[in-house]
Amino acid sequence: MSRFQTVLRGVVLALGAVVFLFPFYYMVVGALQTKPDPTLAGAFPNPSNLSFDNFVNVNERIDLVSGLVNSGIFTGGVLLCTVVFGLLVGYALAMLEWRGRKATFALVLLVQVIPFQLLQIPLYVLIARDYGLADTHLGMILPFAINSTAVIIFRQYFLQLPKELFEAARIDGAGELRLLWSVALPLVRPALVTAVLLTFIGPWNEFLWPFLITKDASLQPLAVSLANYISTVAASTDNPFGAILAGAVVLAAPVVALFIVFQRYFVSNDLGSGVKG
């Protein structure tokens, strides 16, 4: 590229980054403002107007630590199930020959077009009434235990793996579970991290299902606690705008940190490097 093209690309990328990051910056600034300033000028506040009072106020009404722990348990359980079942199903769909494989994959794709909201009422009846798992972390986790998106991601990555590696391992006597653990899993690490990152956002921000299945405030994830705070308590605080933004910062911080730490894993490794000659 010419120098002009390089400079133009840098300018366009910089402008895109500013546009994308400005809402996050404005959220943090609004959470720190003692007196609210919802205008555009509030994006550049007076340092004397900045404090952590909004975080203290929202923590006095809802336990932020407890909400984060509940969100972590809910999200961690979903991630564990997603990785285990996603790897097993994706490997079976991509690497094993068995009757009904194409039909099963078609059903996985079909699940993608069915909104989860259509299933919430029968799921609630099944889990709360039949299984008696209302007000439990397990009741929150079960509907999200198998993620069709993760299954598709793992299947597509497994299909890209060199077949020679698996044929050589089978000749040496390795079973399918050994192949999955020792051969396939190290090569699909980008898919593993991608599936975790994409799955993490869903349960971490999930509101409606935890709200339906849990009535005990001590078990509710932070997203539900924050929504209850906004609807019932926030208006009575000195700075409702700042308190709401403070809760939003706490809710968004783990997701942002996770992406910053693991963003490099989105770039796939050279899958063909494991095959010689």
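Biologist: How many helices and how many strands are there in the chain?

Modeller: The chain of this predicted model holds 13 helices and 0 strands, where helices are DSSP runs of H or I with at least four residues and strands are runs of E with at least two. Local features need pLDDT of at least 70 and side-chain atom pairs pLDDT 80 or more, while totals for chains, interfaces and linings use all residues. Residues are numbered from 1 along each chain, and side-chain values use heavy atoms, without hydrogens and water.

Biologist: What makes a residue count as buried, and what share of the chain is buried?

Modeller: Buried means under 20% relative accessible area, with a 1.4 Å probe and protein chains only; by that cut-off, buried residues make up 39% of the 277 residues.

Biologist: Which residues does the UniProt annotation "transmembrane region" cover?

Modeller: The unreviewed UniProt entry lists several spans, including 7-28 and 139-158, although such annotations may be inferred rather than shown by experiment. In the model, residues 7-28 are 100% helix and 0% strand, with end C-alpha atoms 31 Å apart, whereas residues 139-158 are 70% helix and 0% strand, with their end C-alpha atoms 31 Å apart.

Technical notes. Buried means under 20% relative accessible area, exposed over 50%, partly exposed in between (1.4 Å probe, protein chains only).
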